[in-house]
Every structure is written in structure tokens, then in C-alpha cells.
Amino acid sequence: MSGKQASKGGAANRSKKPAKGGAEEKREDALQAVILADSFQDRFRPFALEKPRCLLPLVNVPVIEYTLEYLASNGVQEVFIYCGAHSEDVETYINDSDRWSPESNLCPFSSVDFIRVSDASSIGDFLRDLDKRSLISGDFILIHGDVVANIPLDGILARHRARREANRDACMTIVLRLTGDSPHRAAKARGITPVFVVDPTNGRCLQYEEMHPLQKDKYVKLDESVFEYAELEMRTDLIDCGIDICTPDVLALWSESFDYELPRKNFLHGVLKDWELNGKIISAEILEEGYGARASNLQMYDCISKDILHRWTLPYVPDSNLLHGQAYKYKRGLWLEDGAHIAKNSTVTKSVLGKTAFVDTGSTISSSIIGRRCQIGKNVRIENSYIWDDAVIEDGATVLHSIVANGAVIGKHSYIPQGALISYGVRISAGTQLPSKPLPRISLLTSEGEPAKTDIELVGNDGKGAQYKEPEDDEDSDSEDEGDADPAVLQSSLIYSLAGLNISTESISTLATHDSDDDLSDDEYEQGFQAKANRERLSSFASDDSAAAAMKLDQFHGDAVHGLVDALRADDNEDFDSAKLEFMGLRLANNASDSMMRKAIAVAFATRAAELMSSENDGLEPTKAAGQALTSKKGAVKFITEVGVGGNKVELHAEFALALQKALAAIKGLDSARAGTLLAALLQQLYNLDVLEEEGILAWWADARAAENDILSKIKERSRVLVEWLENADEEDSNEDSDEEDEDSD
């Protein structure tokens with residue numbers, strides 16, 4: 001059957017190259033891959049209404065190109081593509097490709113098969129259908145059609161097969177990437193946190209759960225069976241690469257339950273939970289090198305785009321020219337394709353410009369992807385955005401951290417706020433300022449795919465398009481009071497935000513500063529390319545003040561501080577254990593670092609001490625306020641010692657003192673003098689309680705960060721008397737020791 005013939009009603013469209021000599025004998029050894037080109041999710045709408053996710057441009061290359069190149073580089077010979085929605089578009093794209101068409105001499109695969117399942121509504125339906133077809137002859141790679149990766153699979157396959165040889169029940173290996181201190185943007189993505197419970201001695205996966213900020217219970221309930229193992233690790237520091245090595249037994253497991261719809265939340269969780277019934281073993285391959293991530297939502301699309309520009313995905317970068325006919329060249333932070341033109345007096349930095357894209361005079365473009373044939377007018381400002389092919393941005397317009405799809409027109413002097421999604425063919429009239437709330441998602445189509453009635457109030461008199469609205473889905477939403485909110489809402493926009501999601505951080509101060517995602521200087525950016533083959537971790541990205549810490553604090557800090565302060569305020573509970581359990585649950589859910597926990601604890605106790613000094617709380621003097629904040633709850637001092645300070649090292653004690661100082665400086669309405677007096681009282685109390693040692697306090701005093709601005713200097717100065725007393729006490733102790741040594745020598 002020709003590769004350009006459409007399959008009908010669930011039939012497989014099999015496209016093969018002519019067989020070579022000996023091909024029949026080698027058929028069993030052919031490495032097969034199954035690409036899931038449809039996820040049955042709506043996280044890329046309204047764009048996915050008109051084009052499948054796998055064909056959307058990722059740094060001006062359709063997403064599925066990265067997946068296919070990855071499979072080809074790992075020696076895959078036979079590919080099965082489950083298309084789902086827009087299946088004709090996917091088949092046409094592959095069959096018309098000079099690289100992937102089964103009829104092309106350039107195609108690295110021996111066969112490319114398209115499979116349609118007319119009544120499929122989930123990935124589970126795809127895989128149950130695959131089980132019925134008996135197309136899989138041995139181990140195969142199950143991969144999503146939105147994967148970008150450069151992780152070699154040969155070693156992983158060898159270890160998978162060795163486990164299979166040793167135990168026939170070993171049926172699956174999941175490829176995971178350790179986040180660690182990685183500077184990859186994909187490692188900092190937020191929303192739903194996968195939780196893998198693993199036996200560290202052999203990599204066996206014992207339990208799988210998911211956590212997110214909207215769930216009511218901020219903890220994971222472990223199955224009793226996992227405690228039968230000598231060792232176990234609960235891992236929340238892993239990126240799920242969307243790559244699995246499977247045996248045909250995996251397909252049989254999918255067929256055994258029609259409740260399985262999602263690969264992780266349903267299938268993996270269910271198979272591990274029912275291990276005693278099915279007897280199958282699933283392993284986790286945890287890697288510290290290489291890149292692997294899914295463009296599974298708009299935020300991951302954003303993250304992976306940045307990672308591609310910073311060359312973490314080598315060799316899959318713009319100047320590799322993955323598409324036939326591309327001709328990108330890189331020079332000092334810019335990728336320019338043939339025919340791209342930047343007029344004089346325009347500034348373009350850290351960006352990609354496609355073929356014949358035109359930027360007129362006076363315009364500024366930074367950290368953005370501009371597609372082919374795009375027209376950028378005069379005095380335009382574009383930051384951190386994605387402008388797809390044939391879009392027009394007219395004179396004086398501003399586009400901030402948004403996506404503007406093919407053929408869309410942004411009129412003169414219009415303003416597009418952060419997080420806006422402007423779909424295909426939309427027109428924004430001249431002078432229109434789109435609102436930031438709700439985030440603009442403007443489309444020519446409704447959620448049912450019907451033409452939308454233009455909203456002139458939104459897009460202007462000459463505009464086209466309307467706000468896209470998802471249909472209410474009562475079946476998927478949790479309407480009951482005791483249920484958790486749907487976490488999909490966290491990943492439905494380009495910008496991660498908890499605003500409006502009933503997660504309160506009211507009256508809680510924060511140490512986090514929300515810097516731009518584009519936090520590299522020109523020199524640092526350029527250095528990344530000079531060392532493009534170097535995959536060593538960059539410790540500067542993991543510092544307390546880095547954008548990575550700021551991103552994580554945004555998710556963890558508010559909830560953690562709020563819970564601790566509420567516990568300290570409570571009159572009906574003198575025990576701090578429940579607050580500690582909730583805090584550690586939040587830490588687990590958000591993979592919070594030690595420094596993040598330290599800051600949250602410092603802010604909570606500083607906030608409570610400041611409250612006790614206010615007139616609403618009888619205006620306690622600083623010493624009494626500090627003492628009550630620290631000691632009123634049983635177990636609070638121990639909690640600060642073990643979790644807040646976290647050890648006996650001098651630098652840890654100094655860091656906690658610094659965190660307290662910065663926390664007090666951030667409290668509104670607390671002047672520097674009172675904040676300094678309260679800090680001195682807190683340090684004195686913590687010293688008396690043996691939480692902080694004098695060496696730690698003296699190290700804090702000597703730290704330049706404690707006086708890096710006028711406010712901190714004024715607050716620090718109030719502790720001078722305490723510091724001098726500690727220094728004198730230390731000298732007296734030294735003198736006494738010296739006198740005792742003299743007496744002993746006599």
C-alpha cells in the first residue's frame with residue numbers, strides 16, 4: 001500500500017521500503033517505535049483546533065521532527081504512528097517530507113506505518129488497539145510525538161534486555177532525567193509534580209503518584225507493600241522524558257483494563273498498585289546526563305524553546321537545519337536564515353529569524369522566535385515571544401511573552417500582554433490594548449471548531465476573532481467540595497500562575513524576587529555557545545538568587561509560610577508536629593531545596609514575632625515577642641534547629657541569621673530600627689536555646705550580604721551590642737583556657 005493512501009476505520013497504513021537481502025531473517029531483531037502523536041488533551045488550544053500539536057512549530061521546526069530525528073539517531077527501523085485528531089495532516093506531512101516519506105531514499109526507517117482508531121478517545125484506546133494488531137515483535141520504544149531528547153538509548157536498551165533476561169516479568173523501563181542543579185528550563189517547569197517511589201538498589205519502580213498545589217492533601221500516601229523492601233527512595237526531582245522501553249507484555253496489561261487512559265496517572269499507577277496480581281516489574285532508568293523533555297503544554301513549549309537556544313539539545317539546534325531547505329547560520333546570539341533582514345537602527349538579540357523575515361527600523365526584539373516571511377514594522381517591541389510564519393506586527397506594536405500564530409496581524413500601536421495566545425488569522429485592530437485579565441486567548445473558531453463571532457470590544461473595529469473559551473466538562477471537573485481542583489488548569493496557559501486559584505498568601509511576606517526568565521548576560525549567553533559540547537552543571541544557576549530558586553519559591557514559599565504562621569497563631573493547639581508534617585509535605589510536593597525551606601521558616605517566625613510587637617497583640621517588647629514566637633509551640637525550636645538551620649556547620653547558622661534579617665527587612669510597616677531590635681532579640685533567644693552558635697552569628701556579622709543595602713545595614717547595626725558581647729565572651733573563654741594551661745604547666 002502506498003504511504004500516501006489514507007487508512008480507513010482503524011486500518012493500519014503500512015509503508016515499507018523494498019526488502020533487502022536477508023531482511024526476513026533480521027525481522028525479529030528490528031527495533032520498533034510507537035509514536036503517540038495525539039495526547040487527547042486540550043493544553044494547546046486554540047492552536048490545536050486547526051493543527052495537531054506534533055506539527056506546531058518549535059523554534060521554527062515542527063515538533064515531531066525532533067522526535068523522529070531522535071528515533072533515527074538511536075537506530076529505530078520500524079515506526080508506527082498513532083495520529084488521532086488531524087490524522088490526515090500528520091500523514092500528509094510525513095508522506096510529503098523529503099526526509100521521512102517511506103518512498104524517500106533519505107528515510108532512515110525501513111517502514112513508517114500510520115494507524116487510525118476511529119473511536120479512540122484516549123492513549124489507552126491506542127495501545128489496546130495496538131495489542132490486537134500483533135504488529136509488535138519484541139522490545140519497542142513507546143514515545144510521545146512531542147519529545148525533544150538527545151539521550152542515547154543503546155545502554156538503556158541493553159540494561160532493559162538484561163533485566164528481561166534475568167526475569168521474564170521485567171516488562172518496562174521508564175527513562176527519567178535527574179533535575180539536580182541543572183540549568184535546563186525544562187527542569188524548572190511547575191504544575192504537576194511526578195512522584196516516583198524507587199528501590200535504589202536495582203531501580204525498580206514501586207509506586208507512582210502525582211502532586212500539585214491545588215490538591216487538598218499535601219502529601220503522598222505510601223502503599224504498605226513498599227515497606228517490604230530494604231531500601232526505598234521517594235523521588236520528586238525527576239523529569240519524565242516521555243520515553244519508555246516496553247515489551248509486548250505492556251500492551252497486554254493495557255488490554256486487561258479499560259480504565260487505563262493515561263500512561264502515568266492511570267496505567268503506571270495501576271500496574272504498580274496491583275503488582276501482586278499481575279506480577280510485572282517496571283524499572284526506572286534515572287540519568288544525570290543528556291536532555292529529554294516533552295512539549296506537553298505551553299509552559300513546557302516555552303521552556304524547551306529556551307533550552308534549544310541555549311544548545312542543551314545538541315545536535316537538535318537551529319543551525320543544524322533539521323528541515324530540508326533550512327539554512328540557519330549562528331552569529332553572536334542570533335540565528336538568521338537566508339533572506340532574513342534586519343534594518344539599521346533595529347536591535348535584535350538572542351533570537352531566531354526565519355527565511356525572508358523582515359524587521360524594520362527602530363524595532364527591538366529580544367529572546368524571541370520569528371518565523372518565515374514575518375513582517376515586523378517600525379518601532380515594534382517584541383520580548384520573549386513566538387511569532388509563527390507569515391504573521392504581521394505593524395508599526396509601534398508591543399508583544400510581550402506571547403504566541404502569535406500563522407497569518408495573524410497585530411495592528412499599529414497595539415499592545416499584547418504577557419501570556420496572550422493569538423491564533424491563526426486573528427487580526428487585532430490598530431491602537432487596541434488587550435487586557436491582561438483574563439489572559440487573551442483569541443481565535444477565529446469556537447471550541448467546537450465553528451466560526452466564532454468577532455468581539456469588536458476585544459479586538460477592535462477592524463479586528464477578527466473572539467476570546468476562546470473551553471466548554472465546561474462536568475465529567476472531568478471536580479465539583480464536589482471534598483475533591484481536588486483539576487490540575488490541568490495549571491498548565492493551560494503560557495505563564496504559570498496560581499492567581500485566582502484559591503491559594504492564599506495574604507499578609508505573608510516573601511523573599512522571592514521574580515526575575516525575567518531571560519536572566520543571562522550577553523557574555524554568559526555567548527559563553528554557552530563556546531562550550532556547546534560541555535555538559536557540566538553550572539553551579540551559578542543553582543544559587544539562592546538565581547531564577548531557578550525564584551521560580552520554585554513562587555510555588556512553595558507562600559503556602560509554606562502561611563501554614564507555619566497559622567500554626568504559630570493558633571490558640572487551640574500547643575503542639576507543632578502537625579505543622580511540621582504539613583511543611584514537609586509541601587517540601588516533597590515542590591521539591592524544595594534546603595535554602596528554600598530555610599527562607600520560608602525564617603519568614604514565618606519573623607512574621608509572627610513582628611505581629612506580637614504590634615498593638616493588636618498587646619505590643620510585646622522585642623525580647624518577649626521573640627521568645628513567645630520561638631517557644632510557645634512545643635517542638636518549634638527543634639523544628640527550626642533540624643529543618644531551618646539544618647546542621648552544625650558555621651555557614652548554615654550564618655545563613656539562617658541572614659534569612660531572618662532579610663525576612664524582617666521585607667515586612668511592611670516595620671521600620672528599620674524596630675526590625676533591628678527584633679532581630680537582635682531573635683538571635684539572642686536562638687543563641688540561648690542552643691539553636692545558633694556564636695561562631696555562626698559572628699560569621700553572619702562578617703558576611704558582606706548582611707550590609708548590602710542601607711536597610712539591611714541599619715537592621716544589622718542593632719545587633720552590634722550582641723556581637724561585641726559574643727566576641728568578648730569568646731576572648732574571656734580563651735583567656736581562661738590559657739590560664740588553666742599555665743597552671744597545669746606549673
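The crossing of α14 and α16 is left-handed, a crossing being left-handed if the near helix is turned anticlockwise from the far one by less than a right angle, and right-handed if clockwise. The model is predicted: local features need pLDDT of at least 70, side-chain atom pairs count only at pLDDT 80 or more, and totals for chains, interfaces and linings use all residues. Residues are numbered from 1 along each chain as its sequence is written, and side-chain values use heavy atoms, with hydrogens and water left out. Helices (H or I, at least four residues) and strands (E, at least two) are DSSP runs, numbered from the N terminus.

**Helix packing**

- Helices α14 (residues 594-613) and α16 (residues 636-645) pack at about 150°, with their axes 10 Å apart; axes are lines fitted to C-alpha atoms, for helices over the stretch in contact, and angles run from 0 to 180 degrees between N-to-C directions.
- That angle makes α14 roughly antiparallel to α16 (under 35 degrees counts as roughly parallel, over 145 as roughly antiparallel, 65 to 115 as roughly perpendicular and the rest as oblique).
- On the α14 side, M597, R598, I601 and F605 meet A636, F639, I640, V643 and G644 of α16, where contact means heavy atoms within 4.5 Å.
- By class, the residues of this contact of α14 with α16 are 7 nonpolar, 1 polar and 1 charged; Ala, Val, Leu, Ile, Met, Phe, Trp, Tyr, Cys and Pro count as nonpolar, Asp, Glu, Lys and Arg as charged, and the others, Gly among them, as polar.
- Helix α17 (residues 650-666) packs against helix α20 (residues 710-717) at an angle of about 115°, with their axes 10 Å apart, and the crossing of α17 and α20 is right-handed.
- In α17, Q661, K662 and A665 meet I711, L712, I715 and K716 in α20; the contact of α17 with α20 divides into 4 nonpolar, 1 polar and 2 charged residues.

**Aromatic pairs**

- The structure holds 16 aromatic pairs; rings of Phe, Tyr and Trp (its six-membered ring) pair if their centres lie within 6.5 Å, and planes under 30 degrees apart count as stacked, over 60 as edge-to-face and the rest as tilted.
- One of the pairs, F576 with F605, is tilted, at 6.1 Å centre to centre and 45° between the planes.
- This pair links distant parts of the chain, 29 residues apart: F576 lies in the loop between α12 (547-569) and α13 (577-590), and F605 in helix α14.

**Sheets**

- An open sheet of 9 strands with mixed pairing runs in the order β14-β15-β18-β21-β24-β27-β30-β32-β33; two strands pair if DSSP finds at least two bridges between them.
- The edge strands of this sheet, β14 (328-331) and β33 (466-467), each pair on one side only.
- Strands β15 (residues 334-337) and β18 (residues 351-353) are parallel partners over 3 bridges, and W335 has V352 in β18 as its bridge partner.
- An open sheet of 5 strands, with parallel pairing, has the order β17-β20-β23-β26-β29.
- β17 (347-349) and β29 (415-416) are at the edges with a single partner strand each, so one side of each has no neighbour in the sheet.
- Strand β20 (residues 364-366) runs parallel to strand β23 (residues 381-383), joined by 3 bridges, and S366 stands opposite E383 in β23.

**Backbone geometry**

- L314 and P315 are joined by a cis peptide bond with omega of about 10°; P315 is in the loop between α9 (298-309) and β14.
- K437 and P438 are also joined by a cis peptide bond, with omega of about -10°; P438 is in the loop between β31 (427-428) and β32 (441-443).
- K350, a residue other than glycine, has a positive phi near 50° and lies in the loop between β17 and β18.
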